[in-house]
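Here are my notes for anyone opening this structure for the first time. Have a look at the model, then follow the points in order.

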Amino acid sequence: MEGCRLGAACDFSRGMTMGGKEELLERLKKAEGHWVSGEMLSGKMSITRTAVWKYICKLRDEGYEIKSAPRKGYLLHRIPDRLLPREVRSGLGTKAFGQGEIIHFSETDSTNSRAKELAGQGIPEGTIVLAERQTGGRGRRGRSWFSPDGSGLYVSLILRPEVVPAEAPMITLMTAVAVCDALVPYLPLPPRVKWPNDILAGGRKIAGILTEISTEPDAIDYVVVGLGLNVNVPARQFPKGIRDKATSILVETGKTHSRAAILRSFLENLERSYALFREGRVPLVLDRWRSYAGISRQCVRVDQVGRVLTGEIQDIDEDGSLLLRDERGHLHHIVSGDVYYL
Ligand code: BTN
């Protein structure tokens, strides 16, 4: 465990220069399931056999299964199914997202809450907060997000876009596009996005996005984009209240999948969408969003605080709001609410 600003139990890692433990792990990985002798490791790394053994013990403590045998040496048998920063970063094809700090919790109440604390302390754009499990995962409109241990992605990303606050809703839509792009190779049918932040697979919710923003009068201080994605959650594990509405990649495919690989793909896609957004190429992002939404002319009910609207979806506006024509022909620009297909 490295120095952690958040006090609680977390791994806190920067794009690191390779220490002895990291180098040893790289060497074991490169051996691709073959034995590597302790003598060879100590020679190549210019450290004692005792130091090699100490690093092996540390890696085992982190969950790496490493076999050892006299006269054979060491063999990396299994990488832990945890979102350890070094495993997330390995093969990550981004320029910024996830290349700086990745803060990993075995457990926290909400990664969005942790990310907001860090953002308030000035941590740079692209920082990521991850948890294996959340005890108080938050959804939109005061809802909770079911966050069981080791089977979902609970990730929050800090952004500092140089745009006016009115443009912030686009960030949720852009994130939804990135989630869908990342999910396409994993699902038998393309995912669908339901305005503003639900991602559906087979008609059930597989992911949700919680975007939280801190603004100054004319500028954004920071945005925390939180993603909850059900990856390896078995159907029976969902609580009764959401069992008929929720799904996971495991439920849709019958197979478990690498959370780290899906996270990498999400970050790569999000960085691309974010670049388009910052270059002012919002129509491109909106077109991709429309292709996943298939919303035109859908009849819906929209529940908002204090009122319910029904009507036909016309489109999505340049600012990310939903355009709805009610039964009397009035056009509404909806900026928040829950959509139900009729
Ligand atoms: C929703 O569908 O209402 C949004 C759900 C967002 C859940 C994610 S999990 C990671 C991040 N931390 C939170 O507390 N919430 C978001």
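1. Start with Gln134: an N or O atom in the Gln134 side chain is 3.0 Å from a nitrogen atom of the ligand. Bear in mind as you look around that this is a predicted model.

2. In the case of Ser110, a side-chain N or O atom is 2.7 Å from an oxygen atom of the ligand. For Lys205, a polar side-chain atom lies 2.5 Å from a ligand oxygen. How much of the ligand's accessible area does the protein cover? On its own the ligand has 420 Å² of accessible area, and the protein covers 98% of that.

3. Now the wider shell. There are 20 residues around the ligand, and the ones that come nearest are Ser110, Gln134, Arg138, Arg140 and Lys205. Sorted by class, the shell has 11 polar residues, 6 nonpolar and 3 charged.

4. Where does the ligand sit? The space it takes up is the largest pocket.

5. The largest pocket has a volume of about 900 Å³. It is lined by 40 residues, and those closest to its centre are Arg143, Trp145, Asp198, Lys205 and Ile242. Which elements give two or more residues to the lining of the largest pocket? They are α5, β6, β8 (198-201), β9, β10, α7 (240-243) and β15 (338-341). Here too β9 gives the most, with 5 residues in the lining. By class, the lining has 15 nonpolar, 15 polar and 10 charged residues.

6. Finally, two backbone details to check. Most residues other than glycine have a negative phi, and most peptide bonds are trans. The peptide bond from Trp195 to Pro196, however, is cis, with omega near -5°. Pro196 is in the loop between β7 (192-194) and β8. Glu32 is not a glycine, yet Glu32 has a positive phi of about 45°. Look for Glu32 in the loop between α1 (20-30) and α2 (38-45).

How values were computed
Residues are numbered from 1 along each chain as its sequence is written. This is a predicted model: local features need pLDDT of at least 70, side-chain atom pairs count only at pLDDT 80 or more; totals for chains, interfaces and linings use all residues. Side-chain values use heavy atoms; hydrogens and water are left out. A residue is near a molecule or strand if one of its heavy atoms lies within 4 Å of it. A polar contact is a pair of N or O atoms within 3.5 Å; within protein, one must be able to donate a hydrogen and the other to accept it, and residues adjacent in sequence count only if both atoms are side-chain atoms. Accessible areas come from the Shrake-Rupley method with a 1.4 Å probe; for residues, only the protein chains shown count as cover. On a 1 Å grid over the protein atoms alone, a cavity is a set of points where a 1.4 Å probe fits but cannot get out, and a pocket is an open set with protein on both sides within 12 Å along at least five of seven lines; lining residues have an atom within 4 Å of a point. A molecule sits in a cavity or pocket if more than half of its atoms lie within 2 Å of its grid points. Ala, Val, Leu, Ile, Met, Phe, Trp, Tyr, Cys and Pro count as nonpolar, Asp, Glu, Lys and Arg as charged, and the others, Gly among them, as polar. Grid points are joined across faces, edges and corners, and a volume is the space filled by probe spheres set on the points. Helices (H or I, at least four residues) and strands (E, at least two) are DSSP runs, numbered from the N terminus.
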